[in-house]
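Please read the points alongside the coordinates.

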Amino acid sequence: VRIFIPEALSQLSGEATVVISTALSGGNLAGRLEEAITAYGANRLALDVELLRMDFALPAFDGKGTPLTEEQLQQLRGGRMTFFSRELCANYFSYTADGKAHFVVFDTAATIERKLQIADKMGIEAAFFLYPEIKGIFRELLSQD
């Protein structure tokens with residue numbers, strides 16, 4: 001039987017599979033996974049592939065943002081240009097509202113596929129998806145090579 005535990009409980013077992021989130025608000029996904037591999041070994045890791053949609057009012061010192069629904073994301077996005085962050089392995093755009101700068105980070109099927117490719121190259125072979133989170137892009141994820 002394979003047991004999966006969140007990273008916060010990793011000290012409880014030297015054999016359980018440690019679940020690492022792919023939703024980052026800062027830093028570098030590849031670096032984060034390398035740290036986890038060093039700590040636990042690739043064979044003891046599984047990804048929690050979260051569909052990230054977060055709005056950060058800047059400065060966001062605590063790394064906490066406001067979760068967005070797909071509808072809210074699309075409304076904020078409007079005609080804004082979006083960009084891809086290689087470090088976060090997610091898309092982003094910025095806007096200003098009420099005199100505050102905002103930074104919005106979000107995933108698509110393509111960014112999730114890229115996260116899985118990075119993990120696969122590092123030897124991480126397990127990943128979890130919560131269907132309610134990804135149901136809007138589920139078919140697109142399945143069609144990715």
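1. At the start of α1, a side-chain oxygen of N28 lies within 2.9 Å of the backbone nitrogen of A30. Helices are DSSP runs of H or I with at least four residues, strands are runs of E with at least two, and both are numbered from the N terminus.

2. The model is predicted: local features require pLDDT of at least 70 and side-chain atom pairs pLDDT 80 or more, whereas totals for chains, interfaces and linings use all residues. Residues are numbered from 1 along each chain as its sequence is written, and side-chain values use heavy atoms, without hydrogens and water.

3. G41, with a positive phi near 90°, follows α1.

4. L29, L33, A36 and Y40 of α1 are buried (under 20% relative accessible area with a 1.4 Å probe, protein chains only; exposed is over 50%, partly exposed in between). Because these residues cover an arc of only 60° around the axis, they are on the same side of α1 (the arc is that of the directions from the helix axis to the C-beta atoms). On the other side of α1, E35 and T38 are exposed.

5. The cover over the buried residues of α1 includes β2, β3 and α3, contact being heavy atoms within 4.5 Å. Away from its neighbours within four places in sequence, I137 contacts L51, T108, A109 and I112.

Key. Polar contact = N/O pair within 3.5 Å; in protein donor to acceptor, adjacent residues only side chain to side chain.
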